[in-house]
Amino acid sequence: MLKLRVKASREYDIIISRFNGSFPECIFNLKNFKKTAVITDTEVYGRYKNVIDSLSVTNSIYKYVIESGEKSKNGENYLKIINRLAENGFQRHDAVIAFGGGVVGDLAGFVASTYMRGITLISVPTTLLSMVDSSVGGKTAIDLPSGKNLCGTFYQPAAVIIDTAFLDTLPEKEIMNGYGEIIKYALLDKRISVEMLSESADEQLIYNSLCIKRDIVEEDEYESGKRALLNLGHTVGHAVEKLSGYTLSHGECVVKGLKAALDISANLFNLDSGVYNKILSVINSRGHNTSLIYPTEEIVKCIFSDKKSDGDKVRFVALKNIAEPEIVSLKINELNSLLIAKSYN
Ligand SMILES: NC(=O)c1ccc[n+]([C@@H]2O[C@H](COP(=O)([O-])OP(=O)(O)OC[C@H]3O[C@@H](n4cnc5c(N)ncnc54)[C@H](O)[C@@H]3O)[C@@H](O)[C@H]2O)c1
């Protein structure tokens, strides 16, 4: 069992082990709460009903099962759940368990952070992405018709419990989704070596990923500085995801964005060709498609229409080397030419 302490505005532990769905009673400490609401989705509940039901140490576990998928991270479900909490008499000292992937985590986190101005949140991530990414950082959100994640809070959980056995049932597409973020961590920090990327996700890889993200967000909990480094690969990635009308997965687009960041780094900082080729070969060997699909001009236009661009410039995370990221400000024509210019191979 590996344990990671996160020191944010609320301190908490992340516990990582192969529990096989059988959690020691002391891990959840549910007896501390009179009532507990488990929020999950149809897919996860279908597979792990027994595990979820086994959390019921008292008769006061309430279950809220949303349809699986991003469409459920909406205001309607949010209002439905907080109304049900109120009808069932939930008080401030009660708790919410987010039992699922990032969609459940974001929605349940938003519920917990706003119901009675905040009740205890325990997180049980069940996808690789939610284990290595959303477990740290305290971001919660729902989507609005005008865009993804437009309504949310920063809210730290009381505990995160990661059971790697949940990955056994995760489709390969979702595993690759999580790897997009793990590859990003390997480019930002040497605690994940390029060699480790060829291995399957185990406790150690998840732990190292979380350590890297934790160290960044502990320095910048509310995203006013260093946390921008976590956008490596996301500037171009988000644009491709948006242009695809969200038909391409986030992780797939992040990997495309990472390849674009490597190309820009090669042209801007002469990123070593050996490093460049080594990373690309690992990305390719994992089966990721790094083609940007859309014309460069369209991608750049989309980036500059985004709320995060700063007037006529966009802040872009590039690499001088592995573990040497640098934030640069690029104008529209600069970004365009750096993306078009030929890199290695
Ligand atoms: N808060 C944050 O810091 C943060 C970070 C990254 C992403 N996110 C958000 O997370 C969401 C994406 O998360 P995701 O990729 O986990 O998607 P998801 O929650 O939709 O899960 C992906 C699919 O896997 C299924 N699933 C979950 N666990 C499973 C398991 N163990 N076995 C089989 N199937 C399983 C789900 O039902 C779903 O169909 C997005 O909404 C994104 O905005 C939040």
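Author: A polar contact here is a pair of N or O atoms within 3.5 Å; within protein, one must be able to donate a hydrogen and the other to accept it, and residues adjacent in sequence count only if both atoms are side-chain atoms. The model is predicted, so local features need pLDDT of at least 70 and side-chain atom pairs count only at pLDDT 80 or more, whereas totals for chains, interfaces and linings use all residues. Residues are numbered from 1 along each chain as its sequence is written, and side-chain values use heavy atoms, with hydrogens and water left out.

A backbone N or O atom of Val-103 lies 3.0 Å from an oxygen atom of the ligand, and a polar side-chain atom of Lys-73 is placed 2.7 Å from an oxygen atom of the ligand. On the side chain of Thr-126, an N or O atom is 2.8 Å from a nitrogen atom of the ligand. The protein buries 88% of the 850 Å² that the ligand exposes when taken alone (accessible areas by the Shrake-Rupley method with a 1.4 Å probe; for residues, only the protein chains shown count as cover).

Around the ligand there are 26 residues, and Asp-41, Glu-70, Lys-73, Thr-126 and Thr-127 come nearest, a residue being near if one of its heavy atoms lies within 4 Å. Domain 1 (2-169) and domain 2 (172-340) both give residues to this shell, so the ligand lies between them; the domain bounds come from an automatic or database domain assignment. Helix H2 gives the most to the shell, with 4 residues, where helices (H or I, at least four residues) are DSSP runs numbered from the N terminus.

Conventions:
Helices (H or I, at least four residues) and strands (E, at least two) are DSSP runs, numbered from the N terminus.
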